[in-house]
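Reader: Please take me closely through the side-chain contacts in this model. I want to know who touches whom, and how accessible each partner is.

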Amino acid sequence: MYGFDSYVAIGDSFTEGLNDKLPDGSFRGWADRLAEILAAGRTGFQYANLSLRGKMLDEIMDEQLPIALELKPDLVTLCAGGNDIIVPGADVDAVAARFEEGVAKLREAGIPVLIFNGPDTKVLSVMSVLRGKVAIYNTHLWAIAERHGARMVDLWTMGPLHDRRAWSDDRLHFSPEAHRRIALKSAEVLGIPIEGDWREPWPSEAAPSRWIDSRRSDLTWTKVHLLPWIRRQLRGQSMGDGLSPKRPQLAPLVPLDVLEVPLEVLEVPDNAQPRQQAS
């Protein structure tokens with residue numbers, strides 16, 4: 001159905017699914033949600049997700065890309081470079097050139113590619129300083145997509161992502177609702193009929209945030225998220241050190257069939273077992 005019988009997702013924490021948690025503590029994310037749409041309940045559909053939090057572009061190109069090329073699925077999604085360009089002094093042009101090498105290899109192998117540009121960080125206090133670098137990188141990505149015939153999911157212009165509720169407390173990863181909308185947008189770009197509207201406005205907020213609350217939030221975020229990230233960078237460490245991809249091989253997908261149900265309303269029986277991952 002829809003011309004996709006197999007799908008491989010490669011990238012970093014965005015594609016791994018942080019912070020779209022399942023009841024067992026694992027992460028779902030937009031890629032799993034997209035795979036469920038593509039599968040449409042078919043037992044023969046196969047899906048692999050090689051992405052891992054903290055991965056830099058070179059690691060994705062050296063570790064994940066060769067596997068995707070070997071598997072040669074009907075679709076590869078690629079989002080990478082975000083961890084690189086937020087590093088102070090990063091050469092955005094060089095990052096884009098390395099990204100293009102990966103897209104070119106996939107397209108030369110005859111694999112359809114779906115890529116993602118960076119979201120607009122204007123609504124995120126402190127993180128908004130990255131807007132210029134993200135915009136430059138996005139311009140490169142649009143050109144890469146055009147040159148190689150890749151499809152683009154334009155996160156920058158997705159209106160619902162301009163709301164603070166689309167973001168987790170760490171201001172780096174999306175909320176479950178944002179992941180749901182990104183999956184719907186991705187399916188739409190692929191020309192797949194979808195149920196639900198990713199453009200639907202957020203509900204009105206009960207009360208606007210105050211300036212003092214925002215400043216307190218900035219201080220908390222700096223202590224809990226920014227400073228630990230800086231320490232990891234200085235030590236050459238990554239959030240993904242010691243972890244493995246959640247779906248390292250193409251395997252049949254067991255859909256959750258709850259794409260339209262908010263995660264917080266799901267009830268987990270006391271005897272529920274953790275979701276088994278492909279080995």
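Author: Start with accessibility. A residue is buried under 20% relative accessible area, exposed over 50%, and partly exposed in between, using a 1.4 Å probe and protein chains only. The model is predicted, so local features need pLDDT of at least 70 and side-chain atom pairs count only at pLDDT 80 or more, while totals for chains, interfaces and linings use all residues. Residues are numbered from 1 along each chain as its sequence is written, and side-chain values use heavy atoms, without hydrogens or water.

Salt bridges come next. One requires a side-chain nitrogen of Lys or Arg within 4 Å of a carboxyl oxygen of Asp or Glu. The count is 17. Arg 28 and Glu 36 form one of them, at 2.6 Å from N to O. Arg 28 is buried, at 3%. Glu 36 is buried too, at 12%. Arg 165 bridges to Asp 163, with the closest N and O atoms 3.0 Å apart. Here Arg 165 is partly exposed, at 27%, and Asp 163 is buried, at 16%.

Arg 199 and Glu 188 also form a salt bridge, with 2.8 Å between the closest N and O atoms. Arg 199 lies in the loop between α7 (176–189) and α8 (211–235) and Glu 188 in helix α7, so the pair ties together parts eleven residues apart in sequence. Helices (H or I, at least four residues) and strands (E, at least two) are DSSP runs, numbered from the N terminus. Arg 199 is partly exposed, at 43%. Glu 188 is partly exposed as well, at 29%. Elsewhere, salt bridges with shared partners join Asp 58, Asp 62, Arg 98 and Glu 101 into one network.

Now the rings. Phe, Tyr and Trp rings (the six-membered one for Trp) pair if their centres lie within 6.5 Å; planes under 30 degrees apart are stacked, over 60 edge-to-face, and the rest tilted. The whole structure holds seven aromatic pairs. Phe 14 and Phe 116 have ring centres 5.6 Å apart and planes at 70°, so they are edge-to-face. Phe 14 sits in helix α1 (residues 13–16) and Phe 116 in strand β4 (residues 113–116), so this pair ties together parts 102 residues apart in sequence. Phe 14 is buried, at 10%. Phe 116 is buried, at 2%. Ring pairs link Phe 14, Trp 30, Phe 116, Trp 167 and Phe 174 into a cluster.
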